[in-house]
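Work through the exercises below with the sequence and the model side by side. Each task is followed by a solution in steps.

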Amino acid sequence: VAGICKLSTKGSVLLLCDMQEKFRPNIFQFTNIVSNAARLLQAARVLTEQFPKGLGPTVPELEAGDLTAHAKTKFTMMIEPVEKELKALGDPKIAILCGIETQACIPCTTFDLLEKGMEVHIVADAVSSRSQTDRLFALSRLRQSGAFLTTTEAVLLQLVQDAKHPNFREIQKLLVEPSPDTALLAFFSSL
């Protein structure tokens with residue numbers, strides 16, 4: 001039986017993986033994935049990106065200039081500088097994960113986080129791959145491995161939990177427009 005998997009602003013961290021210009025032409029639904037990730041980024045604590053000298057900077061739509069980016073060559077985001085930042089944040093117990101690619105860096109990071117005993121929530125409408133087949137099978141495998149699949153809007157609402165939350169109005173503004181469609185309905189009908 002799976003745990004309750006309740007999101008909270010306490011003990012949670014948002015990890016954004018490899019949202020870079022070099023990937024734009026090849027990633028399915030890239031613009032919509034970035035739009036959803038940008039909504040999530042308000043809660044971001046750690047940002048890593050894949051070896052920026054080879055792949056280019058984080059896409060400007062994320063407006064992530066104030067966050068720390070960590071160069072990496074490994075597929076996992078769990079590199080030494082990120083580990084140090086997580087410790088500095090008090091070793092969060094919950095990771096909210098979005099970015100690319102769903103069959104490469106997202107599972108490598110997820111498995112490392114699960115091995116550390118963290119609860120991992122993958123924002124399904126904020127992750128993608130070059131191919132829909134890779135995306136479908138990766139999401140399925142990640143769910144089978146113990147990660148929780150969720151959506152951008154669900155994360156935002158679960159983090160505030162109450163219309164009386166001091167930041168609810170700010171979050172509500174992000175929800176005026178529905179999250180862009182990232183073609184997940186076909187996936188979930190087959191899962």
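This is a predicted model: local features need pLDDT of at least 70, side-chain atom pairs count only at pLDDT 80 or more; totals for chains, interfaces and linings use all residues.

**Exercise 1. The chain as a whole**

Task: How many helices and strands does the protein chain have, and in what pattern do they follow each other?

Solution. 
- Step 1. Count the elements: eight helices and six strands.
- Step 2. Read them along the sequence: β-α-β-α-β-α-β-α-β-α-β-α-α-α.
- Step 3. Turn to burial. The chain has 191 residues, and 47% of them count as buried.
- Step 4. Turn to contacts. Take those with a separation of 6 or more; 77% of them join residues 24 or more positions apart.

**Exercise 2. The buried side of helix 6**

Task: Which residues of helix 6 are buried, and what do they pack against?

Solution. 
- Step 1. Helix 6 spans residues 152–160. Its buried residues are Thr 152, Val 155, Leu 156, Leu 159 and Val 160.
- Step 2. Look down the axis. These residues cover an arc of only 120 degrees, so they lie on the same side of helix 6.
- Step 3. List the partners of the buried residues. Two are helices: helix 1 (30–40) and helix 7 (168–174). The strands are strand 4 (94–100), strand 5 (119–128) and strand 6 (148–150).
- Step 4. Check what comes after the helix. Gln 161 follows helix 6, with a positive phi near 60 degrees.

**Exercise 3. Helix 1 against helix 6**

Task: At what angle do helix 1 and helix 6 pack, and which residues make the contact?

Solution. 
- Step 1. Two numbers describe a packed pair of helices: the angle between the axes and the distance between them.
- Step 2. For helix 1 and helix 6 the angle is about 5 degrees, and the axes are 10 Å apart.
- Step 3. Angles under 35 degrees count as roughly parallel. Helix 1 is therefore roughly parallel to helix 6.
- Step 4. Helix 1 contributes Asn 36, Arg 39 and Leu 40 to the contact. Helix 6 contributes Thr 152, Val 155 and Leu 156.
- Step 5. Sort the contact residues of helix 1 with helix 6 by type: three nonpolar, two polar and one charged.

**Exercise 4. Salt bridges**

Task: How many salt bridges are there?

Solution. 
- Step 1. The cut-off is 4 Å from a side-chain nitrogen of Lys or Arg to a carboxyl oxygen of Asp or Glu. The count is five salt bridges.
- Step 2. Arg 24 and Glu 21 form one of them, at 3.0 Å from N to O. Arg 24 is partly exposed at 27%. Glu 21 is partly exposed at 31%.
- Step 3. Lys 84 pairs with Glu 80, with the closest N and O atoms 3.2 Å apart. The two are four residues apart in helix 3 (residues 80–88), so about one helical turn separates them. Lys 84 is exposed at 53%, and Glu 80 is exposed at 56%.
- Step 4. Glu 101 and Arg 130 meet at 3.8 Å, N to O. This pair links distant parts of the chain, 29 residues apart. Glu 101 is in the loop between strand 4 and helix 4 (105–115). Arg 130 is in the loop between strand 5 and helix 5 (132–144).
- Step 5. Glu 101 is buried at 12%, whereas Arg 130 is exposed at 56%.

**Exercise 5. A cis peptide bond**

Task: Is the peptide bond from Ile 100 to Glu 101 cis or trans?

Solution. 
- Step 1. Read omega for this bond: near -5 degrees.
- Step 2. The bond is cis.
- Step 3. Locate Glu 101: the loop between strand 4 and helix 4.

Key:
Residues are numbered from 1 along each chain as its sequence is written. Side-chain values use heavy atoms; hydrogens and water are left out. Buried means under 20% relative accessible area, exposed over 50%, partly exposed in between (1.4 Å probe, protein chains only). The arc is that of the directions from the helix axis to the C-beta atoms. Contact means heavy atoms within 4.5 Å. Axes are lines fitted to C-alpha atoms, for helices over the stretch in contact, and angles run from 0 to 180 degrees between N-to-C directions. Angles under 35 degrees count as roughly parallel, over 145 as roughly antiparallel, 65 to 115 as roughly perpendicular and the rest as oblique. Ala, Val, Leu, Ile, Met, Phe, Trp, Tyr, Cys and Pro count as nonpolar, Asp, Glu, Lys and Arg as charged, and the others, Gly among them, as polar.
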